[in-house]
Amino acid sequence: MTSDLPVIEFDNVCRNFGNHAALSNLTFSIQKGEIVGIIGHSGAGKTTLLRCLAGLEKPTSGKVKIEGKDIAHLPEKALIPLRQRIGLVFQHFNLLNSKNVLNNIALPLKIAGIPKAKRIEKAKELLELVGIPDKALNYPAQLSGGQKQRVGIARALAANPALLLCDEATSALDPETTRSIIELLLRINQKLKLTIVLITHEMSVIRLLADRVFVLQKGKIIEEGAVGKVFAHPQSETTQQLLQEEQPSLPQSISQNIHPNPDRNDHAILHVVMMGKVVRDPLIANLQKDYQISAVLLEGNITHIRETPIGTTFLAVPADQWQQTITALTSMGVETVEKVGYVRL
Ligand SMILES: Nc1ncnc2c1ncn2[C@@H]1O[C@H](COP(=O)(O)OP(=O)(O)OP(=O)(O)O)[C@@H](O)[C@H]1O
């Protein structure tokens, strides 16, 4: 395999269930070391896509290539070694309760016929990597949810996979534990240069973990790109809906009274999105100082995509100064600024 060959390539993949197209002409590629998040409403095709990637589901047509090999058309026997290149992490961990932690982790190696001493050595190494070396002899019932998921991740890594697939891997965990599992996945991604594809309904997980995001709707990718870009400027209605809980919105007392044309003494409302350094700049003070524009902050918040701050605010400025404000804010380096309408404050 050459280093720039994508780890994953989907070429015109369709998966039908009867007359229903769960995946429809999907074409994309994912490079080694990338972390890609897949989001979409229920029934959009996320699980089907992940199952096709894992070789658990055969596409009706098209090619699914992992490290250049088309797994969609391999006979079952030839799929076995390829499946070992793919680690799976599940929402409910799927550990065997009758086996201790070390033996759970070593199980894929046992199935692959690796001698006992070697697989236990590897399992110990992985337990160290996921940060719970002292739990080797414990049974799953004696572990917290976060510890169980660490074991699930260690097991997924046992056969040195090229690809880790995470299906709602943090959805059963509390926010603090979710954060620690995200940090673990990021560390593993960097240390092992592991490619990770994750499905989640938690947008905060995508923000902290993924480099790129695919938005699925009715089996098609309707929006795709760097998480920062897509989350800062969601184009499709679906993406906007999925992000809605995360976005600040105007207080009802204002949003109810917005109108499209200005009356005398109205203010124009501007929706401003900023990324990076500019978030820390005193924009309102600068508007006043450099442009003599008095802006009022109506609503706003700051979130982070990895280390990059994203600021979203609604400002009100005198109605006759909205164009000048947009020009000024753009020259200050904000990502986007749009007029939402007019209101009497
Ligand atoms: N084995 C199956 N037989 C018939 N229809 C199926 C099967 N698997 C999935 N589907 C259908 O394909 C579509 C996509 O399902 P899929 O489970 O991939 O969606 P999803 O985005 O993962 O949804 P969710 O978020 O609810 O898990 C749905 O309409 C579903 O009903």
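This is a predicted model: local features need pLDDT of at least 70, side-chain atom pairs count only at pLDDT 80 or more; totals for chains, interfaces and linings use all residues.

Q: Is G68 buried or exposed?

A: A residue is buried if 20 or more other C-beta atoms lie within 10 Å of its own, exposed if 12 or fewer, and partly exposed in between, with C-beta atoms placed from the backbone. G68 is exposed, because 11 other C-beta atoms lie within 10 Å. G68 and E9 are 59 residues apart in sequence, yet their C-alpha atoms are 7.7 Å apart in space.

Q: What is the order of the strands in the open sheet of four strands?

A: Strands of a sheet pair through backbone hydrogen bonds, either parallel or antiparallel. Two strands count as paired here if DSSP finds at least two bridges between them. The order in this sheet is β2-β1-β4-β5, and the pairing is antiparallel. β2 and β5 (69-70) are at the edges with a single partner strand each, so one side of each has no neighbour in the sheet.

Q: How many bridges join β1 to β2, and which residue in β2 is the bridge partner of I8?

A: Seven bridges join these antiparallel strands, and I8 has I30 as its bridge partner in β2. Two residues lie between the strands of this hairpin, where G18 takes a positive phi near 60°. On the pairing with β4, strand β1 (residues 8-17) and strand β4 (residues 61-66) run antiparallel over five bridges. There, C14 stands opposite S61, and I8 stands opposite I66.

Q: Which residues of helix α12 are buried?

A: In α12 (residues 322-332), W322, T325, A328 and L329 are buried. They cover an arc of only 120° around the axis, which puts them on the same side of α12; the arc is that of the directions from the helix axis to the C-beta atoms. On the other side, Q323, T327, T330 and S331 are exposed. The cover over the buried residues of α12 includes β11 (267-275), α11 (283-291), β13 (308-318) and β14 (336-343). After α12 comes G333, with a positive phi near 100°.

Q: Where does N94 lie, and what is the phi of N94?

A: N94 is in the loop between β6 (86-90) and α3 (101-111). Its phi is near 50°, a positive value in a residue other than glycine. N94 counts as partly exposed because it has 14 C-beta neighbours inside 10 Å. N160, also not a glycine, has a positive phi of about 50° and lies in the loop between α5 (145-157) and β7 (163-167). N160 is exposed, with 12 other C-beta atoms within 10 Å.

Q: Which residues surround the ligand?

A: A residue is near a molecule if its C-beta atom, placed from the backbone, lies within 6 Å of it. The ligand is surrounded by F17, H20, A22, G40, S42, G43, A44, G45, K46, T47 and T48. β2 (20-30) and α1 (46-53) are the elements that give two or more residues to this shell, and α1 gives the most, with three residues.

Q: What does the UniProt entry list for residues 8-243?

A: UniProt positions are given in the numbering used here, with feature names shortened, and annotations may be inferred rather than shown by experiment. The unreviewed entry lists residues 8-243 as "domain: ABC transporter". Over these residues the chain is 39% helix and 27% strand, and the end C-alpha atoms are 27 Å apart.

Q: How many helices and strands does the protein have?

A: The protein has 12 helices and 14 strands. Of its 345 residues, 39% are buried.

Definitions and conventions
Residues are numbered from 1 along each chain as its sequence is written. Two residues are in contact if their C-beta atoms, placed from the backbone, lie within 7 Å.
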